[in-house]
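Hi,

Here is the structure I promised to hand over. Have a look at it first, and then read my notes below.

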Amino acid sequence: MELLNDLAWRGIVYQQTDEEGLKELLNSEKISIYCGVDPTADSMHIGHLLPFLTLRRFQEHGHRPIVLVGGATGLIGDPSGKSEERQLQTLETVQHNANCIKGQMESIFDFTGSNGAQMVNNYDWIGSIDMVTFLRDFGKHIGINYMLAKDTIASRLETGISFTEFTYTILQAMDFNHLYEHYNCKLQIGGSDQWGNITTGLELIRKNQGSEAKAFGLTIPLVTKADGSKFGKTEGGAIWLDPEKTSPYEFYQFWINTADADVIKYLKYFTFLSKEDLEALEQSVENEPHLRKAQKTLAESMTRLIHGEEALEQAIKITEALFSGDVKTLSAAEIAEGFKDVPSFEQNKDEDITLVELLVNAKISSSKRQAREDIQNGAVYLNGERLTDVNHTLSEDDRLEGKFTIIRRGKKKYYLIRYV
């Protein structure tokens, strides 16, 4: 399918500056396209993914993606419609964050070959510009009335906006102008909230490069959930790409728990499956939703993309062990990952303790009498095996790799005992 038609079918296109002109350009030559991210944290989260995965679709059609890390703009924050201005960061922090983000981009893009992705940092061309140069070469081209008409600025006027944030859109316009001039970059992709910054960039290119300069902008929609709640957020917070912040198992679980109402939209947005495969999965959601084929495909595709095949296999292994109750197959590292959010209790490894006492101490059962009843009724599982002996005393044999005991009460309530 032709690229822009495929993007439209997937629901990825929100706004374009010149649809016919862009289509003609993409059919006549291979160009460079860019998308930016400000290094305000040392990891991206899944809310950042869609623009960059869209950029990768262009790469798969022979165009060159440029990933811009805002080493300069990151120093002054991001005025994306927030009521409060972002705290300033040190140059060292921004550079550290930029390096971390670069590593994550390597899982998304191919940096080799004739159209290999390029990584650039706008600190390289903005960081050394003095105030006079900024005013002479850039500020004079963007009118105050033009800037006041931008939603990102107009929405802040009543609550207050600093001059720093007011000029932010010019800095982003300078990025597009620089990449157009030095990298043959003719298209910027961004979220729907970036429309004002993208069009300012096109205005600056027209003023600097001449009215015949061909440059375009394309925005993608805000990712939403069918129930109206925010995409990419859980009770534990954002879903990060950094495995130290969000483990591959947690990452996998986020995607596999996608609602039926959202899963096909997310498959279109985030995966590179064909139209035929996606339509087959859509039929599966309608006719056999209990199989959750679409959710499994989404979880596997996204975990493989961001964390690799080995991490995906480990996530599936943990998931299957928890579902079946066969937790003895898990390593200590997998237990720590899979049971990160379950109630836990620390037990002295040198102290003898009966199962009844442990159930009470760990607040798994409300009393010794209740603990005995739970055991006798077959409601207590030790490392996946039902235990009905009320006199059982825990031993080394009940410890997985000497570090953990997993207790399950009933069908799904897990508890982790850590030995210290």
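Asp 18, Glu 19, Glu 20 and Glu 24 form a negative surface patch. Asp and Glu count as negative, and a patch takes residues with over 30% relative accessible area and no salt bridge, joining like charges within 9 Å and nonpolar side chains within 5 Å. A salt bridge would be a side-chain nitrogen of Lys or Arg within 4 Å of a carboxyl oxygen of Asp or Glu.

This is a predicted model, in which local features need pLDDT of at least 70 and side-chain atom pairs count only at pLDDT 80 or more, while totals for chains, interfaces and linings use all residues. Residues are numbered from 1 along each chain as its sequence is written, and side-chain values use heavy atoms, without hydrogens and water.

Glu 19 belongs to helix H2, residues 19-28 (helices are DSSP runs of at least four residues, strands of at least two). Its relative accessibility is 41%, so Glu 19 is partly exposed (between buried, under 20%, and exposed, over 50%, with a 1.4 Å probe and protein chains only).

There is also a nonpolar surface patch of about 250 Å², made by Ile 144, Leu 148 and Leu 157. Leu 148 sits in helix H7, residues 144-148, and is partly exposed because its relative accessibility is 33%.

Finally, UniProt lists Lys 233 as "binding site" in an unreviewed entry; such annotations may be inferred rather than shown by experiment. Lys 233 lies in strand E7, residues 233-234, and with a relative accessible area of 43% Lys 233 is partly exposed.

Happy exploring!

Technical notes. Areas by Shrake-Rupley, 256 points an atom, 1.4 Å probe, with all protein chains shown as cover. Charge placed at Lys NZ, Arg CZ, Asp CG, Glu CD.
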